[in-house]
Amino acid sequence: MSYYIRECNIGDIPKLVKLEKLCFPDPWTEEMFRTEFDNPLVTYYVAEIDEDSQDESKNTESYNGDKSDVSNPDSSTDMIAAKDGGIIGYIGFLTVAGECQINNVAVHPDYRKQEIASELLELVINETEDQGVTFWTLEVRVGNVAALKLYERFGFKQVGLRPYYYEDGAGAVLMTKELSNEIDRVENREGESELI
C-alpha cells in the first residue's frame, strides 16, 4: 500500500466525519469541521491512498521522500478506504502567535501501526517550526496509551489533566512541547538529539 499526504479541502469534510465515527466515541460533526475550515488559522492534512500504486507490496513513500516499512492491510480494507476517497488519516491544527494547537489526529483503525500518525505529526511539527512556532499543545483522552506514547516520542510532556473534557465525561491529558532556545531547534533538525 502506498499513500501520500496533502492539504485537506472543504470537499473532504464528509470523509473526515466518516473517519471520526470509526475512530472516536465522541466524533466531531460536519458542522464542527465546517467551523474549523472557516478559520484561516486552521490547517488540515490528510493521508490518502495512492490509487495509482500498482505494487502494494512495496514500502510506502512518505511526504518527504523517506521510506517507511508498512505492512499491507487486506484488499477488502483497501477497497473500503478507496470507496470513501482513499482518506486513511488526518491531522488538524491551529497556528497563532508562535504557538500550535493540534486539534485532531485520526487514522483509520485498519491502517494503524503503520507510522501514518507519526508522519502527519512530523509534517505539522516541521512545517510550523519553520514558521516560527516554538510551543505546541494538544489533549489526549485519558487511557489512550498508544496516543500518549506517540506524542511522548515526539517530545510532548504531560502537564495537566482536564477532567470531564469529552462529552462522555472522560478526562483529557494536556500535553505540551516546547523548543526552549535556538540550540534545541538546531539539534532537532539535525537529528543529533531527541526531540524536546
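**Note on the predicted model**

1. Overall make-up. The chain has 6 helices and 9 strands. The model is predicted. Of the 196 residues in the chain, 45% are buried. The exposed surface comes to about 10500 Å², with carbon and sulfur atoms supplying 49% of it. Taking contacts between residues at least 6 apart in sequence, 68% join residues at least 24 apart.

2. Aromatic pairs. The count of aromatic pairs is 8. For Phe33 and Tyr44, the ring centres are 5.9 Å apart and the planes stand at 70°; the cut-off for edge-to-face is over 60 degrees, so this pair is edge-to-face. Phe33 and Tyr44 are both buried.

3. A further pair. The rings of Tyr151 and Phe156 also have centres 5.9 Å apart, and their planes make an angle of 65°, so this pair too is edge-to-face. Tyr151 has a relative accessible area of 8% and is buried. Phe156 is buried as well, at 2%.

4. The ring cluster. Trp28, Phe33, Phe37, Tyr44 and Tyr90 are linked into a cluster by ring pairs. Phe33 and Tyr44, the pair described in point 2, are both members. Tyr90 also has a part in strand pairing, with Ala106 in S6 as its bridge partner.

5. Strands S5, S6 and S7. Strand S5 (residues 87-96) and strand S6 (residues 99-107) run antiparallel and are joined by 8 bridges. Their hairpin has 2 residues between the strands, and Ala97 there takes a positive phi near 50°. S6 also pairs with strand S7 (residues 135-141), this time in the parallel sense and over 3 bridges. In that pairing, Gln101 stands opposite Thr137 of S7.

6. Charges over rings. Where does Arg141 lie relative to Tyr166? Arg141 is over the face of the Tyr166 ring, 4.4 Å from the ring centre. Lys177 is placed over the face of Trp136, at 5.6 Å from the ring centre.

7. Thr176 is in strand S9 (residues 172-178). Its relative accessibility is 15%; buried means under 20%, so Thr176 counts as buried. Apart from neighbours within four places in sequence, Thr176 is in contact with Phe135, Trp136, Thr137, Gly155, Phe156, Lys157 and Val159.

8. Helix H4. How far apart are the end C-alpha atoms of helix H4 (residues 116-130)? They are 21 Å apart, which agrees with the 21 Å that its 15 residues should span at 1.5 Å a residue. Of these 15 residues, 11 are buried, so H4 is largely enclosed by the rest of the structure. The buried residues are Ile116, Ala117, Ser118, Glu119, Leu120, Leu121, Leu123, Val124, Ile125, Thr128 and Glu129. Just after H4, Gly132 takes a positive phi of about 100°.

Methods. Residues numbered from 1 in each chain as written. Predicted model: local features only at pLDDT ≥ 70, side-chain atom pairs only at ≥ 80, totals over all residues. Heavy atoms only, no water. Phe/Tyr/Trp six-rings, centres within 6.5 Å; stacked < 30°, edge-to-face > 60°. Buried < 20%, exposed > 50% of the residue type's maximum accessible area, 1.4 Å probe, protein only. Lys NZ or Arg CZ within 6 Å of the ring centre and 35° of its normal. Helix = DSSP H or I, 4+ residues; strand = E, 2+ residues; numbered from the N terminus. Contact = heavy atoms within 4.5 Å. Areas by Shrake-Rupley, 256 points an atom, 1.4 Å probe, with all protein chains shown as cover. Expected span 1.5 Å × (residues − 1). Pairing = 2+ DSSP bridges.
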